[in-house]
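Please look at the model below.

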Amino acid sequence: MPDDWTLSYEGYDPADERLREALCTLGNGSFATRGAAPETTAGPAHYPGTYAAGCYNRLTSTVAERQVENEDIVNLPNWLPLHFRCLGGGEAPPGPWFSPDDGSLLEYRQTLDLRRGTLTRRMRLRDAQGRELAVEQYRLVHMGDPHLAALRTEFTARGWTGTLEVESAIDGDVTNSGVDRYRDLNGHHLTDWHTGATGPDTVWLNCRTSASGIRIAMAARTRAVSAGPAAVRLLPGERRAVHLLTLPIGPGRPVAVEKTVALHTSRDPATGDPRSAANDRVERATDFAGLLASHHVAWEQLWRRTELDVPGEAGRILRLHLFHVLQTLSPHTAELDAGVPARGLHGEAYRGHVFWDELFVLPYLNLHLPEVSRALLSYRHRRLGQAVHAAAEAGRSGAMYPWQSGSDGREETQTLHLNPRSGRWSPDNSRLQHHVGSAVAYNVWQYCQATGDTGFLHGAGAEMLLQIARFWADSAVWDPAYERYRIRGVVGPDEYHDAYPGAAGPGLDDNAYTNVTAAWVLCRALDLATGLPAPRRQELFERIGLEPAELGHWEDVSRRLRVPLHRGVISQFDGYGDLAELDWDGYRTRYGDIRRLDRILEAEGDSVNRYQASKQADVLMLGYLFSPAELSALLARLGHTLDGDTWRTTVDHYLARTSHGSTLSGLVHGWVLARTRPAEAWKYVSEALTGDIADLQGGTTAEGIHLGACAGTLDLVQRGLTGLETRDDALWLDPVPLPELSEYRFSIRYRGHQGVGLSMRAGHLRISVPASGGTPIRVVVAGHDITVAPGRTRQVDLPRR
Ligand code: BGC
């Protein structure tokens with residue numbers, strides 16, 4: 001990366017192309033398009049993909065002799081195609097369209113400009129007849145208008161005169177085939193294509209998704225500028241709408257072609273017929289220069305709301321992460337009914353589903369784009385009924401949120417998964433990760449603490465929080481043998497353990513993470529229920545049929561849930577300490593990369609369930625969610641003393657037994673170690689930082705970025721290193737030094753103040769509150785209570801740790 005605001009690639013490398021496509025995706029929170037070359041179609045090296053937030057379709061496939069149903073985010077028609085070739089004049093038949101893979105490239109450079117949100121490609125090529133052409137191409141997906149995208153391509157002939165033929169198309173003949181592991185699954189989501197033209201330079205294509213019936217329309221206007229008269233033909237086909245331009249070209253006479261595209265779906269607010277909406281929008285769109293100018297303004301405003309300055313390479317990567325977070329979840333997302341897709345809108349991995357990963361995303365957004373957080377929580381609230389239904393089906397009360405959520409909030413987790421190493425399909429029990437409910441509750445609480453949005457807290461927020469608490473209280477079963485409540489038959493965040501060795505059925509008992517977060521949810525629900533104004537409380541209780549007597553039971557469960565321990569360590573689950581030790585060194589020597597230990601062991605006919613070996617942070621997630629003081633208090637309430645030594649022993653235990661098969665793992669370990677073993681933290685922080693850019697999980701970034709880890713690294717600076725908490729109407733700070741990341745500056749939005757600045761340098765923490773209105777802010781730094789008035793800056797010299 002040559003400067004702080006760009007990601008550049010020198011030279012063309014087909015082997016790297018799919019990764020670059022994911023990392024160079026452009027989007028606006030409403031839809032996104034992978035950074036694929038417009039001269040290519042889907043193939044081993046290329047995968048053009050366009051995805052709209054919340055646009056899913058359900059299909060049935062046959063795998064391992066079973067019928068399985070999957071809901072996927074739909075790969076929409078490809079708006080990128082722009083093919084070109086040089087014509088020699090005379091009788092010579094035209095040669096093939098240029099492809100970056102045809103050997104004609106002489107030079108290639110690709111630059112993603114984060115500040116301006118554009119992707120530029122510069123290339124020089126020589127075709128089989130020796131004609132040299134320089135091509136410069138700019139692409140944007142408009143951050144101001146959530147329906148527009150544009151591509152401007154400038155061609156310069158080097159030393160020859162003739163004709164250039166350009167084919168601009170919308171290609172509806174696309175499938176979901178971006179993830180190799182899903183190749184046995186049906187990927188034909190689109191049907192009912194129609195194409196046509198409106199006027200001399202605009203073609204359109206519309207179609208719909210086969211089961212969800214979402215209508216999708218794209219219109220493309222292609223115009224030649226700065227050229228002599230162009231011959232234009234419109235060739236609407238069955239699944240492709242094509243626009244063919246023939247342009248005179250010669251040295252000193254560069255030719256530019258501008259393609260402007262509008263996308264509408266029947267899910268868009270304020271839209272009747274998507275086809276006329278797309279046609280109208282493209283017709284009214286200005287030229288590329290105009291679109292670029294308004295696009296820059298929208299990005300400039302967004303960067304102002306998310307200011308983050310970290311020097312060096314870490315800062316550059318953080319900015320790239322922020323860029324992709326904002327392209328997936330922008331203020332436009334707040335207008336939609338969409339959740340947090342775990343892999344961004346950047347690829348088809350995990351089928352665009354919504355997991356607990358929002359736990360790593362919303363705390364960051366709360367302090368910058370609270371309206372987006374609120375909308376993402378509303379996505380969950382609209383699906384509360386479905387979660388209540390799921391709990392009832394499981395014989396429980398309250399709300400059981402699905403591990404994977406899509407369009408309507410039912411459980412979308414696959415029932416079988418493929419181990420590419422063995423080629424075998426095995427049952428997928430990850431749906432037993434009921435802890436996703438605690439993530440929703442945690443986000444409700446954090447959002448309300450950070451914003452002071454009591455309207456939400458007392459309305460939709462309270463409904464979710466109370467129903468999730470109720471589910472936990474009803475899931476906890478009293479076991480007289482332990483004199484404790486137990487939650488049995490679940491899976492914790494570590495997906496490698498889903499059953500006891502040799503057990504007939506899946507599920508584990510007393511997962512510490514599940515139980516401690518359940519206790520926390522019950523406490524917050526009790527705080528809320530008792531703090532609600534009486535009329536609101538009565539109305540709410542009546543609506544959800546909650547009897548005040550249930551609260552007594554919640555109180556009891558919140559104090560007596562079982563947290564298992566073994567040899568002075570918090571056990572991941574009951575019986576974890578009895579599992580075998582894995583020969584970590586042996587496996588590392590044999591396989592090198594053992595992140596996906598589950599696949600290695602399954603291929604050997606073994607199972608991780610037999611070992612003390614985790615995919616990712618599970619118990620240690622507690623140190624990610626809660627400050628040391630809050631965690632000790634929670635455990636004390638549950639009857640355990642958590643002193644520094646017990647926690648450090650627990651950290652060391654799992655650190656030595658985790659394979660980090662999820663990008664979330666490095667992040668959480670880095671976060672936790674920054675407070676317990678600072679000297680070891682950087683290794684994990686840097687793993688979290690480079691996870692996507694260096695594709696550390698072995699090829700998975702090409703299938704979509706890891707949004708949780710991207711946002712999590714931003715939050716690592718914002719909350720992890722500063723110890724920032726928003727509670728009791730104050731900002732609490734308890735910074736920890738991380739030598740490799742000791743300087744940072746960012747601003748947050750806090751309780752009506754836009755731009756509260758926090759900067760750390762040489763052990764000095766400065767807090768500034770903008771002059772514009774508002775009340776003074778109470779800040780508690782490492783135990784000192786101070787007040788910062790509007791327009792003032794306070795500096796705190798931190799004691800050395
Ligand atoms: C992780 C989960 C995560 C999911 C989606 C999995 O690999 O184990 O914790 O929710 O990816 O990102």
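Helix H6 covers residues 370–382, and its 13 residues reach 18 Å from the first C-alpha to the last, close to the 18 Å expected at 1.5 Å a residue; the expected span is 1.5 Å times one less than the number of residues. Helices here are DSSP runs of H or I with at least four residues, strands are runs of E with at least two, and both are numbered from the N terminus. This is a predicted model, in which local features need pLDDT of at least 70 and side-chain atom pairs count only at pLDDT 80 or more, while totals for chains, interfaces and linings use all residues. Residues are numbered from 1 along each chain as its sequence is written, and side-chain values use heavy atoms, leaving out hydrogens and water.

Among the buried residues of H6 are Pro370, Val372, Ser373, Ala375, Leu376, Leu377, Ser378, Tyr379 and Arg380. Buried means under 20% relative accessible area, with a 1.4 Å probe and protein chains only. The buried residues of H6 pack against helices H3 (288–305), H5 (362–366), H7 (384–393), H8 (436–451) and H9 (454–475), and also against strand S28 (744–750); contact means heavy atoms within 4.5 Å.

The chain as a whole has 20 helices and 33 strands. Its radius of gyration is 27 Å, close to the 28 Å that the globule rule gives for 801 residues, so the chain is as compact as a globular protein of that length. The radius is taken over C-alpha atoms, and the rule is 2.2 Å times the number of residues to the power 0.38. Of the 801 residues, 62% count as buried.

How values were computed
Buried < 20%, exposed > 50% of the residue type's maximum accessible area, 1.4 Å probe, protein only.
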